[in-house]
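This note collects several points on the model under review. Please read them alongside the sequence and coordinates.

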Amino acid sequence: MSVGRKIFIVMSSFIIGFSTVFVLLTYIVIRDSMDVILQTSRKEEMNQLQDKLLSYYVKNGHTFNAIQDKAWLAESPRAADRQESMLLVSREQTILLHEGDAVEKQIKRLGVKRTLYFEGEPIADMYYYDTDVANLTKLRIGTPTSIIILLGGGTVLFVLLSLGAAYWVSRRLTAPLRKLVPAIERLGQGEYGVQAPVTSEDEYGRVAVAFNGMSSRLEQSETVRRNLVADVAHELRTPLTIVRGKLDLLQQSRQPIQPEHLLPIQDELIRLTRLVGDLHQLSLAEAKQLPLVRKPTDMLVLLGQIQERIEPDADAKNLTLRLTSTTERTSVPVDSSRTTQAFLNLFINAVRYTPQGGLVHTTLQEEPASGMLRIDIRDTGPGIEEEHLPYLFDRFYRTDEARARHQGGMGLGLAIAKEFIVSHGGTIQAESQQGQGTTFTVRLPYHDSDQQPYGI
């Protein structure tokens, strides 16, 4: 059942139920009010008759036998213009007394009834009738009936109009959902990126905006997935082709294999192993499942050790490696192995793209406001174009200038560095200008935090 139909049914049930209760309550109130008026109009006469009947009942040995033969009623004042009549009926519905010109049926239907009690027990029913009482009784019967007819007709008209309004309201309220459903169905069929119309600023509008954002993110994720599959296939194809070619050549030569001929194959296998290992660690980090063994680590010492590892590459290009600190608080709780791998990737990247005779300068400073240690790695390379900066930390992403295999790596170094830093609750970002070099800024917290990792 659709939401619109459910809303319509709920509103219709409420309208019909409320109208029915209103009509019934009105009928009951008017009927009871008329009964009270009728009883009150002849209260004094009824009291006098009751007293005389009960007195006769007591004097006659607790019975109404022979009451019809007594002239006791003549002693009571009677109004001739009202044509008074009276009827006394036993509990067994036997007529004990019938006074006046009105017939029995008329007295019972249009008269006033009162039950007589003696010592708490009912002994008879007394009916009093006159022309005024008859008119009031007719009014009591006719007025509620007329009101029921009038209110019933008005209620039917009100219900019909209300049902029309309820139908319009239900259609109006569910219109944004009806527009959203086709987009959801298209998304479910794999049409990622589909957008739903945003027609209001209420909850429905926010749902549509959230859906559009989710759809866009799914499209981006699908694009990343496809690119990842393509990039992995591309990265694996080259070493596999080389290994296969070398093995085919060795098989076709039908000569004993010399150890030196196996070295290129071994290099490609090492490359494959490293690629698979990097992808595995990157996947663990992105899934927040990367195991970390945090210990207080002096980053000034750790960065110095990392620089020593890349000094041969830097010396080959006549580069200057400089490490300075403006704070004595250089110790942070990190996993030294993961942190070393992250910064090693950053240093290798800086050395790779810094030209002959350049400078790679690393500085450490404390940021009291954020409670973090800031580490800047600046190089004097050609810089990175602004349009590439948002994608630097994506898997397999390379700038146009770094597409060549002899110049660029596999495109995983910066992605791994980012995920490892974020896993420690830190941040990493890149700033660059063409011709003025690039700066990678890493921030690491001084204390462990259970909060979600900071974004880039």
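Are Phe393 and Phe440 buried or exposed? The first point takes up this question; the model is a predicted one.

1. Both residues, Phe393 and Phe440, are buried. They form an aromatic pair whose ring centres lie 6.3 Å apart; since the planes stand at 85°, over the 60 degrees required, the pair is edge-to-face. In total, two aromatic pairs are present in the structure.

2. A further contact with a ring involves Arg329 and Tyr446. The charged end of Arg329 sits over the ring of Tyr446, at 3.9 Å from the ring centre.

3. An open sheet is built from four strands, ordered E2-E1-E4-E3, with antiparallel pairing. Strands E2 (95-99) and E3 (112-118) are at the edges; each has a single partner strand, so one side of each is without a neighbour in the sheet. From one strand to the next, the twist averages 15°.

4. Within this sheet, six bridges join strand E1 (residues 85-90) to strand E4 (residues 121-129) in the antiparallel sense. Met86 is placed opposite Tyr128 of E4.

How values were computed. Residues are numbered from 1 along each chain as its sequence is written. This is a predicted model: local features need pLDDT of at least 70, side-chain atom pairs count only at pLDDT 80 or more; totals for chains, interfaces and linings use all residues. Side-chain values use heavy atoms; hydrogens and water are left out. Two strands pair if DSSP finds at least two bridges between them. Helices (H or I, at least four residues) and strands (E, at least two) are DSSP runs, numbered from the N terminus. Axes are lines fitted to C-alpha atoms, for helices over the stretch in contact, and angles run from 0 to 180 degrees between N-to-C directions. Rings of Phe, Tyr and Trp (its six-membered ring) pair if their centres lie within 6.5 Å; planes under 30 degrees apart count as stacked, over 60 as edge-to-face and the rest as tilted. Buried means under 20% relative accessible area, exposed over 50%, partly exposed in between (1.4 Å probe, protein chains only). A charge sits over a ring if NZ of Lys or CZ of Arg is within 6 Å of the ring centre and within 35 degrees of the ring normal.
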